[in-house]
Amino acid sequence: MKIKVLFFAQLREALGKEMLWLEVDAFCRTRDAADQAMREEPLMPYQNLPLRYAVNHEFQPADYVLREGDELALLSPVAGG
Amino acid sequence: MITDQPIDLNQWLAQQPAPGCGASAFFVGRVRNHHQGKKVTRLFYECYVPMAEKQITAIAETVKQKTGVQEIRVIHRVGWLEIGEAAVVISVSSAHRQEAFAACREVIDRIKQDVPIWKKEIYQDLSHDWVACTHHNGKALHN
């Protein structure tokens, strides 16, 4: 199934884009989809960057089961405020 | 509550809360000219806007319920900011001051933890860094 993966900050800069479509297995979990997305070559230097996951604008844990068309955001450490 | 325009602080101070509110507390977060010993010249805020707005709304609701304050308003500016400019403004209004102060502090603490906004600092030597907010009452940064 296809999901949308969003990148921000240092990940977006390294990848050169904000979003890519990812083909994942049905019942794929957030961490597995993130691992797959993070295998893009420009993201190699960031393998140890701690990430939080959001699906359709809500934080979700690593074992959340994704559905077709979900928007998965890979959130590197935030610094708002 | 997310804007790319300069924040009008006079307008924020002038806002009238509901008549039952005897206290208003404000927080203004500005761009500082230093970070961990380095001179900062400007910075860039990036934002995952739809999620940031949802999170800020949820934070305001949670803190209202927890503290009993009547009104919480938040605005966060994104894009390029210069030293001294206001990046975030929070106003809290309540019947009495104790809960207004407490709620104001809790809102900014929660924003720093849970809102998808990132900050890139540009330093005097032209290097730059995406800053992680690592200090959160001892709470771990990530799951």
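The model is predicted, so local features need pLDDT of at least 70 and side-chain atom pairs count only at pLDDT 80 or more, while totals for chains, interfaces and linings use all residues. Residues are numbered from 1 along each chain as its sequence is written, chains are lettered from A and ligands numbered from 1 in the order in which they are written, and side-chain values use heavy atoms, leaving out hydrogens and water.

- B:Glu106 forms a salt bridge with B:Lys66, with the closest N and O atoms 2.8 Å apart; the term denotes a side-chain nitrogen of Lys or Arg within 4 Å of a carboxyl oxygen of Asp or Glu.
- B:Glu106 lies in helix α3 of chain B and B:Lys66 in helix α2 of chain B, so the pair ties together parts 40 residues apart in sequence; helices (H or I, at least four residues) and strands (E, at least two) are DSSP runs, numbered from the N terminus.
- B:Lys66 is exposed, at a relative accessible area of 55%.
- A network of salt bridges links B:Lys66, B:Glu106 and B:Arg110.

**The interface of chains A and B**

- In chain B, 29 residues are in contact with 23 residues of chain A, contact meaning heavy atoms within 4.5 Å.
- Four salt bridges are counted between the two chains.
- One of these joins A:Arg52 to B:Asp114, whose closest N and O atoms are 2.9 Å apart.
- Another salt bridge pairs B:Lys54 with A:Glu58, at 3.3 Å between the closest N and O atoms.
- This pair crosses from helix α2 of chain B to strand β4 (residues 58–60) of chain A.
- B:Lys54 is partly exposed at 38% relative accessibility, and A:Glu58 is partly exposed at 37%.

**Nonpolar cores**

- The largest nonpolar core has 29 residues, of which B:Ile72, B:Val74, B:Ile90, B:Val92 and B:Val107 touch the most other members; such a core is a set of buried Ala, Val, Leu, Ile, Met, Phe, Trp, Tyr and Cys residues joined through side-chain atoms within 4.5 Å.
- The largest share of this core, six residues, comes from α3(B).
- Apart from it lies another core, of 22 residues, including A:Leu15, A:Leu22, A:Tyr53 and A:Leu74.

Methods. Buried means under 20% relative accessible area, exposed over 50%, partly exposed in between (1.4 Å probe, protein chains only).
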